[in-house]
Amino acid sequence: MSRNYGTARPLARRHMPTGYDVSFKEYSKNRTVRIPTDFGPTQDLQGFESEYANIVDYIVRITHRIWESDPPQVEYISACYAPTSLIYDDYGLQTGNKKIIADTHHTTGAFPDIVLDAEEIIWAGDDEVGFHTSHLTRIMGTNTGSSRYGPATGKKVDVMVIANCVALENDIFLEHVLYNTSAMLQQFGIDLWEEADRLAADPPPGWPRNQQTWDDLRRSAAPARALYVAEPVEGFDPDAFARRLHDNIWNGDMSMVDADYAPDLTFEGTTERKFSGHAAYKTYVDSLRHAFPDLSLQVDEVYWMGDDDEGWLISTRWSAEGTHEGDTDMYRSATGANCQIWGITQWRVRGGQVEQEWQLFNELDLMMQIAKARQDLT
């Protein structure tokens with residue numbers, strides 16, 4: 001039975017998998033199958049339904065069952081999300097599995113042919129501290145039903161989503177999820193600034209988030225001290241690497257990009273950003289830092305799997321604050337708005353260099369914050 005798990009417990013270094021026996025690559029046979037007949041090695045999953053072999057199997061199959069079974073078993077959300085679950089999304093805080101069920105019915109109505117195709121799951125933890133999972137998936141479907149954004153467009157969408165969840169006893173009770181809503185709206189053919197203006201004037205549930213929600217979003221599941229400080233190790237340390245590199249890129253001079261990113265780095269991010277190489281990466285960062293010159297980013301949570309031989313998969317959840325003081329094409333003329341930005345980054349690291357990066361942040365919400373400031377000025 002679902003229960004209130006309270007505050008998510010932070011992970012320790014011992015909770016990080018040191019190999020890939022239980023991994024999405026093994027589960028999907030390197031993406032040649034979506035739902036295998038062999039679910040892979042079993043893990044201790046106290047309180048989880050007995051049909052799930054391990055945490056990767058749980059995440060993949062509950063997603064498929066909820067969204068893609070015939071018909072979709074949306075009500076199964078009540079069995080795998082706690083009644084008091086906390087969901088931090090693009091707009092703010094959504095509370096409880098009833099809200100998730102209602103939102104899911106809304107989405108399946110808008111996209112009756114929806115597919116959620118998993119591309120990666122980075123996990124850590126166990127059935128005592130909780131399983132932490134960073135689930136990168138692709139939402140694909142045709143918008144043949146009305147949605148909160150208007151009547152059916154008939155357009156096909158293909159957008160990346162990253163959901164960081166914490167689960168115990170078959171219940172997800174904490175989730176940070178970014179749906180790349182701005183990319184979806186672009187694919188609908190909707191003007192992002194017109195939609196940001198509309199939503200800022202008539203806000204969706206949870207928006208704007210208050211200071212308490214913002215503080216809770218940032219500290220949920222975060223360790224009291226970074227693991228590289230609390231539990232230092234010799235050799236490559238994913239925690240130190242992720243924290244140092246994020247700080248240098250977003251708060252520093254970006255001097256580490258050339259050394260710590262592979263020359264042929266590939267990047268996929270928010271609102272259809274796709275590029276490769278160091279120069280394009282620096283241009284992307286500069287565009288945000290020009291709009292928010294005082295941007296201050298902190299890393300909230302890092303977990304990982306892997307080793308030196310097979311490489312590392314690292315999930316980093318981060319948050320930032322900045323003042324909209326720079327004129328840019330993307331964010332238009334400066335408003336002086338104090339803005340909140342949060343994101344999730346997944347890295348594939350080999351030989352001490354980031355080879356691939358997937359990153360999402362709350363861009364539509366950020367535009368809504370700017371739109372609200374502009375409305376307040378008029």
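Is C165 buried or exposed? With a relative accessible area of 7%, C165 is buried (buried means under 20% relative accessible area, exposed over 50%, and partly exposed in between, using a 1.4 Å probe and protein chains only). C339 counts as buried too, at 2% relative accessibility.

The model is a predicted one, so local features need pLDDT of at least 70 and side-chain atom pairs count only at pLDDT 80 or more, while totals for chains, interfaces and linings use all residues. Residues are numbered from 1 along each chain as its sequence is written, and side-chain values use heavy atoms, with hydrogens and water left out.

What about disulfides? A disulfide here is a pair of cysteine sulfur atoms within 2.5 Å, and by this rule the count is zero. For C165, the closest cysteine sulfur sits in C80, 9.7 Å away, which is too far for a bond.

Now for the sheet. Six strands make an open sheet with mixed pairing, in the order β2-β1-β6-β5-β4-β3. Strands (E, at least two residues) and helices (H or I, at least four) are DSSP runs, numbered from the N terminus, and two strands pair if DSSP finds at least two bridges between them. β2 (93-95) and β3 (115-126) are at the edges with a single partner strand each, so one side of each has no neighbour in the sheet. β3 and β4 (residues 130-142) run antiparallel, joined by eleven bridges, and G125 stands opposite F131 in β4.

Helix α2 (residues 55-67) lies across β3, β4, β5 (156-168) and β6 (171-178), at about 145° to β3. Such angles run from 0 to 180 degrees between N-to-C directions, with axes being lines fitted to C-alpha atoms, for helices over the stretch in contact; contact means heavy atoms within 4.5 Å.
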